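Reader: I have a structure open and would like to talk through some of its features. Could we begin with the aromatic residues?

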Amino acid sequence: MKTTVRISLFSLCVAALAVPLLPVAAAAQTAPTAAVAPAAPAKDSAMALPPGVRIGDYVGEDVMIPMRDGTRLHAQVWRPVAAKGKLPILMQRSPYGFQVERLKKSFTDEYKELAEEGFIFVLQDIRGRFGSEGEFVMLRPMATGTKQIDESTDTYDSIAWLTGSLAGNNGKVGIFGISYGGWTAAMAVINPHPALKAVSVQASPEDMFVGDDFHHNGAFRLDYAWEYAAALETDGRTLKPFGFGKDDTYGWFLKQGELAKLDQVHIGRSLPTWQNFVNHPNYDGFWREQVTSVRMPKTVAVPNLIVAGWWDQEDFYGPLEIYRNQEKGDRNGRNFLVIGPWYHGGWARGDGTRYGPFELGSATSTYFRSQVETRWFRHWLKGEGKLEQPEALVFQTGSNMWKSHKHWPPREGVAARNLYLHAGGKLSFEPPVAGDSEPDSFRSDPADPVPYRARPIPAFLEKDSTWPEWLADDQAPFAQRKDVLFWQTEPLTEDVTIVGDVAAKLFASTTGSDADWVVKLIDVYPSDASVPEKLRGRQMMIANDVFRGRFRSGLSTPAPLAPGAVLDYDIDLHAASHMFRKGHRIAVQIQSSWFPLIDRNPQTYVPNILRAKPEDFTAQTHKVFHDAGHPSSIAVSVETPRK
């Protein structure tokens, strides 16, 4: 099978749910393919099901679905054994296969509540993967003519065949999925087949340079990108983890030379995805043409339940941005948002009663699957039940309560406030005054970067990886480092709740000609018996991100920083809905490295950091200003008391 890869947008959740990501192009649709009888996949297909295979109350069979160009795509069809009457079709499309052992878990976890409701599940390998024929293109160019194909046309043709060929279907189709599957669901709404009645775009990336898997504000997500490329592009049908030897990932990456040559040095050949990272260090057309919501219709026609997790370690930016962009064309109330207390895809497994050491007070994942997702598809595909879905259903961390909003971010019941940095490590809602003028400084050394986790840092693809929950890590140890600045409020005398967008306004300088700025908004737990022992003094990260200084004037136009100049940086920390409890403190950490989550900035400007030589990396002194003329702050929306 020939494989062509331009760039892969990966979002792998280590725990059996493999789901990368990449945006592809809109398609010119043609008439649906004529229905034909199901055909078994080729005998050598890795996905062939045993005859009469059952999982619980469902029985499965293989079909091959013809596309407009004659290529056949493999799918599994799973029906409830005791089905009565005609049922709608629920579809997922993936490049990672649907192995029976994985599905046994899915039908008791991800699909459990939907399976109990009763649907015909269709699980399809996308073109060129596993049992499907054709050429696999991880980022297929836009279809431009009637004979051209992409993920949108393949979805259209598949729905046409399924509704015309599968016995016992009611002619209505829903599509859902997480990460890569969320992206394929987004692609399905481009000139959608008339039978497509509802989708749920879950944890889909939006922009791989701005805020999703591979870059954040131009800063390269080193370990994630390397492990992905090495796993996906060294074997066409497996995800074999890269071997780091005796080193942890921090130690291994710190020893590497020019990053552009990692693939040749350690794999023995060029990896297409890795070289795409090397050859596109700035926000050019290569990245822009991948933006997901640009491909989606400007007017929302197919009802869409967009799902995000507050602690999504891979694609939190994506679903919120897709929702925001789609909302501009939602004239008929078809665009909805759910944000829960989950890591990437966490709502699809387990009961969601906890995240890391934090108890959530209820079975949040079970609630979503049974009371939100299942009701959503029951309403649109079966015509049963009144749709009572709020515009935005959001879990408020801290208070552990679900909240309904008419808009996201909320427009009512909030007030814009700024948390200001002050001298002496103080943080408050009061702006700086005269005399509060001395900046804080630290020495940032690329030879000793700040780790993003306490060492040893495991590979995220290794067995039993804790990668999905790294955002729950205690941030207190990092505040003790000399190259991490820390500010905090006095203990709160009353609850403070923030809800909506969060952003940093940073005034800073460097002795070098480039710098990264990492900003974290933190909830500091009391150190006394008012909280469980495991949480005493713990620093819980509420919002965060990194900004690469060279892109201060635009992600497409990198430029050296003027050494010593006090420059302002607007850093999007995305969003939060969190109650800082009475007795807690609100804190901010600022640093200039986050390794190896983010590649090291040489701090001496070079055109392409992945081609930087060891001698380009130099220690520099950074300063953060917080005087009346340079009021560094965190912008939040504070919930106001109801009258």
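Author: At 1% relative accessibility, Y180 counts as buried, where buried means under 20% relative accessible area, exposed over 50% and partly exposed in between (1.4 Å probe, protein chains only). This is a predicted model, in which local features need pLDDT of at least 70, side-chain atom pairs count only at pLDDT 80 or more, and totals for chains, interfaces and linings use all residues. Residues are numbered from 1 along each chain as its sequence is written, and side-chain values use heavy atoms, with hydrogens and water left out.

Reader: Is W183 buried or exposed?

Author: W183 counts as buried, at 0% relative accessibility. Y180 and W183 both belong to helix α4 (residues 180–188), three residues apart, about one turn of the helix. Helices (H or I, at least four residues) and strands (E, at least two) are DSSP runs, numbered from the N terminus.

Reader: How are the rings of Y180 and W183 arranged?

Author: Their centres are 5.6 Å apart and their planes stand at 80°, so the pair is edge-to-face. Rings of Phe, Tyr and Trp (its six-membered ring) pair if their centres lie within 6.5 Å; planes under 30 degrees apart count as stacked, over 60 as edge-to-face and the rest as tilted. The whole structure holds 49 aromatic pairs.

Reader: And how many residues of α4 are buried?

Author: Nine of the nine are buried, so α4 is largely enclosed by the rest of the structure. The cover over its buried residues includes β7 (87–94), α3 (151–165), β10 (169–178), β11 (196–202) and α10 (292–295).

Reader: What about α8, then?

Author: Helix α8 (residues 272–279) is mostly covered, with six of its eight residues buried. Those six are T273, W274, Q275, N276, F277 and V278. They pack against β12 (215–216), β13 (219–220), α5 (222–232), α7 (262–266) and α9 (285–288).

Reader: Which ring does the charged end of K382 sit over?

Author: The charged end of K382 sits over the ring of F119, 5.0 Å from its centre. A charge sits over a ring if NZ of Lys or CZ of Arg is within 6 Å of the ring centre and within 35 degrees of the ring normal. R221 likewise lies over the face of Y224, at 5.3 Å from the ring centre.

Reader: Changing topic, where does F395 lie?

Author: F395 is in strand β18 (residues 392–396), and it is buried, with a relative accessible area of 0%. Leaving aside neighbours within four places in sequence, its contacts (heavy atoms within 4.5 Å) include W310, I339, L360, W402 and S577.

Reader: And T497?

Author: T497 belongs to strand β24 (residues 496–510) and is buried, at 6% relative accessible area. Beyond its neighbours within four places in sequence, T497 is in contact with Q396, H578, M579, S637, V638 and E639.

Reader: Last topic: which residues lie nearest the centre of the largest pocket?

Author: G413, V638, E639, T640 and P641 lie nearest its centre, among 30 lining residues. The elements giving two or more residues to that lining are β19 (401–405), β20 (414–421), β21 (427–428), β24 and β30 (633–639). On a 1 Å grid over the protein atoms alone, a pocket is an open set of points where a 1.4 Å probe fits, with protein on both sides within 12 Å along at least five of seven lines, and lining residues have an atom within 4 Å of a point.
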